[in-house]
Amino acid sequence: MEFDEWEPVYEAICRDFGYDRTGDERARDVLASLTDDFDLDRLSSLRDATVAVAGAGPSLESASALERARAADAVVAASTAVDTLAANGIDADCMVTDLDKNPETVRRLTGAETPVAVHAHGDNVPLVRDVVPDCASEFVLPTTQAAPRGPVRNFGGFTDGDRAAFLADHLGAAELAFVGWDLEDPAVDSPKARKLEWAERLLYWLESRRDERFSVLDGRRDAIETSALPVE
């Protein structure tokens, strides 16, 4: 994903949520000041692999979801999905997070030499300042939804979950298997539900780019609003 491809979609997200782009850029620059270039070879296990993209929905604890995660060649997990998987004996190859749920897991994983893609956006700068300096810097992959700068990269994606999918795609995954994705979770509030709608749209875009069909979208594609996406 090049930024010029991502930028029109990013601008649509900002308009929809009323986000200030300059806030994202400030957050990116703070993260850049606290991190170094990340060696993507540390995630070579994702290349040509079947990668389980684990969301943090309640269905992740089901036996079928856990079995699919175990069967994958590699796992990229969003936020607290890492903890659920670990509690069931499954280690993630990479965690993707904006630090809002389990910062102690971020510190622990980087200390154990597991890469963590840490995302900076307009309203998590205090968390970035608090958590990132405590991490093993060579295992922090800094990301932004704004234009990349310095060590901070943009692989595409908006929520932790769909950013995990875009990251796996960028790193050359052969197949993406989605577990723990609950796109209509009744327990989430209205802002989170809107974010899940965008996650769904972005996965639709990603599957079209990959010429792949994601099972998580089966039965849902016809209702997805695609006007903001560069898809045919």
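Reader: Where is Thr-105 found?
Author: Thr-105 is found in helix 5. This is a predicted model, where local features need pLDDT of at least 70, side-chain atom pairs count only at pLDDT 80 or more, and totals for chains, interfaces and linings use all residues. Residues are numbered from 1 along each chain as its sequence is written, and side-chain values use heavy atoms, with hydrogens and water left out.

Reader: How are helices and strands defined?
Author: They are DSSP runs, numbered from the N terminus: helices are H or I with at least four residues, strands are E with at least two.

Reader: Is Thr-105 buried or exposed?
Author: Buried, with a relative accessible area of 3%. Buried means under 20% relative accessible area, exposed over 50%, and partly exposed in between, using a 1.4 Å probe and protein chains only.

Reader: What is Thr-105 in contact with?
Author: Val-82, Asp-83 and Met-95, leaving aside neighbours within four places in sequence. Contact means heavy atoms within 4.5 Å.

Reader: Which residues of helix 5 are buried?
Author: In helix 5, residues 103-111, the buried ones are Pro-103, Thr-105, Val-106, Leu-109 and Thr-110. They cover an arc of only 150° around the axis, so they sit on the same side of helix 5. The arc is that of the directions from the helix axis to the C-beta atoms.

Reader: Why would residues three or four places apart point the same way?
Author: Because an α-helix has 3.6 residues a turn.

Reader: What covers the buried residues of helix 5?
Author: The cover includes helix 4 (81-87), strand 3 (94-97), strand 4 (116-120), helix 6 (125-131) and strand 5 (140-144).

Reader: And which residue just after helix 5 takes a positive phi?
Author: Glu-113, at about 70°.

Reader: Switching to loops. Where does Ser-79 lie?
Author: In the loop between strand 2 (74-78) and helix 4. Ser-79 counts as buried, at 7% relative accessibility. Beyond its neighbours within four places in sequence, Ser-79 is in contact with Met-95, Val-96, Asp-100, Lys-101, Asn-102 and Asp-160.

Reader: What about the place of Gly-156?
Author: Gly-156 is in the loop between strand 5 and helix 7 (160-170). At 4% relative accessibility, Gly-156 counts as buried.

Reader: Which residues does Gly-156 touch?
Author: Met-1, Trp-6, Arg-163 and Phe-166, not counting residues up to four places away in sequence. Arg-129 is 27 residues from Gly-156 along the chain, and their C-alpha atoms are separated by 23 Å.

Reader: Ala-71: buried or exposed?
Author: Exposed, with a relative accessible area of 60%. Ala-71 is in helix 3, residues 63-71. From C-alpha to C-alpha, Ala-71 and Thr-35 are 33 Å apart in space and 36 residues apart in sequence.

Reader: Now the whole protein. How many helices and strands?
Author: There are 8 helices and 6 strands. Along the sequence the pattern reads α-α-β-α-β-α-β-α-β-α-β-α-β-α.

Reader: How many of the 232 residues count as buried?
Author: 53% of them.

Reader: And what share of contacts comes from residues 24 or more positions apart?
Author: They account for 65% of the contacts with a separation of 6 or more.
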